[in-house]
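Biologist: Hi, could you walk me through this one? I'd like to start with how the chains meet.
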Amino acid sequence: MTMRRFEGIKIFLLLLLVAETTAQTPRVVSILAKPGDGDLAVSVQLVNLFSPKIVSTIRSGMPAVIRFDFRLLEAPDRELQQATRSLNILYDLWNERYRLQNAGREQFVATFAELEKTCSAFEETKLLPLSRLSSQKIYQLRLQIAVIPISAKQDQQLRDWLAASDDTEESAPGEDRAAGFRLNLSQLLSFFWGKKDRPYGASDWAISPPFQVE
Amino acid sequence: MKISILKKYFFYFFLLLLSAQLAPAQESGGQLVVERIEILGARKTKSQVIQRYLSFREGDRFTPELVENDYQTLISTNFFKSVEFSTKPGGEKGKVIVVIEVKERFSPTLEFAGGYGELEGWYLSPIGLRYDNLLGSGHFLGLRAIIGDRVGGFNMRFQQPTIFNSSLNFQFDIDILGRDLIHYFDNREAIQRIATAGLRFTLSGSRGVAKYFSGGYQTGAVEPDSTAKFTLNDSAFAAFPTVIAQNLGKKKWGMFWLRLQTDTRDNVFFPRKGIWGALSVEMAEPNFGGDLQFTRTIFDGRLYQNLGSSVLALRLKTATTSQTTPFYERFYLGGAYSLRGFAERSLTPAGYGTRLYLGSLEWRIPLTGRDPQKPGLIGAIFFDAGSIGTPETKRDDDETFSAFGFGFRWRVPVVGLLRFDFAYPKQRPDDFRFHLGIGHPF
């Protein structure tokens with residue numbers, strides 16, 4: 001009887017764990033920006049980076065992309081600049097190693113644990129030249145990250161249907177020519193007035209403490 | 001002379017078609033291979049509907065580029081709110097299970113549309129209703145109102161991409177439209193309203209030999225106004241030439257048509273290589289349920305060849321129809337999608353033409369944009385030539401008109417490719433003409 005109850009608790013805990021894992025989205029634990037060596041350098045710490053879906057995509061040999069979406073704010077809330085960085089991950093099935101690619105630079109790690117560790121902490125990575133910032137102002141940096149399986153193009157739905165909207169009305173050869181565009185009004189209205197879903201696989205926005213350049 | 005040139009182009013057309021069919025498959029060494037495809041989240045959509053839009057099957061090579069293309073294809077069906085591809089390791093090293101997770105669209109959508117057509121001129125569809133994939137079988141259903149400078153009315157379209165699990169597509173259209181037909185009488189432009197109501201059934205193939213054929217039946221009624229208006233002073237007149245006067249009044253038509261077609265273009269909207277062409281034969285008979293009797297044959301072939309990053313595009317169109325064809329079913333010449341350098345249909349004889357030749361050569365040069373398939377700005381240099389004739393004139397007497405020019409095509413969000421063409425007609429070199437349109441002319 002006691003054994004059966006213990007089994008029941010184990011299953012319950014397992015289900016809780018599964019539910020927690022399924023709902024796993026990446027989280028920015030800390031973001032710190034400071035001037036250094038002519039550039040604005042940023043240090044970031046992340047957790048829950050890889051959901052089970054991303055893990056199996058990587059392990060099957062397909063790539064995954066970690067996209068960093070930075071926004072430079074003039075405190076308290078005036079957006080000055082946007083910057084996007086991408087980190088591409090690929091598991092080389094035949095050589096059994098993980099490859100990380102960032103702005104043309106490559107790095108290899110042997111295990112998934114190493115990969116997770118490497119991707120979860122970035123120390124003093126150069127983001128912007130300091131010459132673009134004023135010493136008179138106080139700034140903050142916002143960051144959202146998204147982990148996208150296979151191709152970052154899967155995360156551009158609005159841009160995609162806006163671009164695709166011109167692809168209509170092609171007449172067959174021999175028929176009177178007609179070319180035009182089509183716009184899905186329902187999609188447009190729901191984008192501006194509908195419930196704003198966080199992009200799939202994206203973290204909440206995190207914000208750095210205020211900083212000033214010397 | 002013209003016939004022999006046409007035969008030559010037919011020969012090249014089918015030679016290129018044959019070579020496209022014989023292209024060898026590539027080896028797949030060291031690549032990932034699809035073991036299985038799993039579809040999640042499809043509550044009403046049948047899995048074969050989704051698989052129809054995929055460019056890979058079990059056992060095929062699998063790459064991120066395939067995902068990018070198929071993701072784009074699935075999103076643009078309008079069946080889904082979101083689509084996501086991921087993978088799982090398969091049973092053996094190098095094999096993957098492809099997982100496609102969709103969120104379906106259950107409610108109808110509203111649509112705004114617009115464009116430019118040879119028949120319609122500039123038009124807008126301020127409101128349209130789409131209820132695609134209502135029953136999960138992957139059909140397209142839409143109803144829209146159309147207003148424009150030469151058109152007004154309604155169109156309903158139903159399209160079922162696969163019927164009876166075959167490679168046949170079925171399409172059904174209902175049109176209730178009023179169109180303004182442009183005439184030129186003594187070089188003066190006049191507009192005549194033509195009211196039409198019709199049904200059109202189309203069967204076409206998507207795979208195998210069937211993809212080279214389409215055909216169908218259309219029926220309806222047409223009634224041209226008994227008067228026309230000169231656009232310059234809005235004055236009405238009813239003294240039409242005989243060829244028009246004898247076809248006034250309400251007429252019904254029933255017509256079967258068959259088209260032999262091919263499309264090997266690498267991209268539909270900015271083709272860089274390939275052929276797009278069709279030979280169509282249309283036959284209207286009183287036995288087919290109407291008053292009209294005529295046969296119409298049209299060949300329209302287009303060849304695209306990339307030269308580095310630029311593209312050389314060639315069009316050859318030739319058409320002929322019976323003497324009994326009413327003027328509103330005959331051919332016209334001149335305009336932004338026809339022979340540039342001349343005003344819309346301004347080269348068309350009174351009562352329209354029964355034979356037509358049109359050739360165009362265009363060199364398209366991408367000027368900006370990183371994606372070679374979607375340049376932001378394209379420059380173009382072109383040469384158009386054509387002739388049109390009627391049963392009253394001899395073929396050898398048909399005057400050949402030509403024009404050369406240059407243009408720009410600018411990719412604008414939502415609208416697409418806006419086209420600005422500047423053309424100089426050889427016959428009237430001082431009469432330079434500007435054409436504004438959407439998309440490439442061919």
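Modeller: Happy to! One term before we start: two strands count as paired if DSSP finds at least two bridges between them. Also, keep in mind that this is a predicted model.

Biologist: Got it. How many bridges join strand 9 of chain A and strand 5 of chain B, and in which sense do they pair?
Modeller: There are 7 bridges, and the pairing is antiparallel. Within it, Asn184(A) has Glu111(B) as its bridge partner.

Biologist: And how many residues are in contact between chain A and chain B?
Modeller: On chain A it's 41 residues, touching 51 residues of chain B. Strand 9 of chain A gives the largest share of chain A's side, 7 residues. That side divides into 17 nonpolar, 13 polar and 11 charged residues.

Biologist: Nice. Switching to chain A: what's the strand order in the open sheet?
Modeller: The order is 6-5-4-3-8-10, six strands with antiparallel pairing. Strands 6 and 10 of chain A are at the edges with a single partner strand each, so one side of each has no neighbour in the sheet.

Biologist: What joins strand 6 to strand 5 there?
Modeller: In chain A, 5 bridges link the two, running antiparallel. Arg99(A) stands opposite Phe108(A) of strand 6.

Biologist: Which strands does helix 3 of chain A touch?
Modeller: Helix 3 packs on the sheet against strands 3, 4, 5 and 6 of chain A, at about 140 degrees to strand 6. Helix 2 of chain A lies across strands 3, 4 and 8, at about 60 degrees to strand 8.

Biologist: Last one: how is chain B divided?
Modeller: Into domain 1 (32–106) and domain 2 (161–438), with 38 Å between their C-alpha centres.

Technical notes: Residues numbered from 1 in each chain as written. Chains lettered and ligands numbered in written order. Predicted model: local features only at pLDDT ≥ 70, side-chain atom pairs only at ≥ 80, totals over all residues. Contact = placed C-beta atoms within 7 Å. Helix = DSSP H or I, 4+ residues; strand = E, 2+ residues; numbered from the N terminus. Nonpolar A, V, L, I, M, F, W, Y, C, P; charged D, E, K, R; others polar. Domains from an automatic or database assignment. Axes fitted to C-alpha atoms, helices over the stretch in contact; angles between N-to-C directions.
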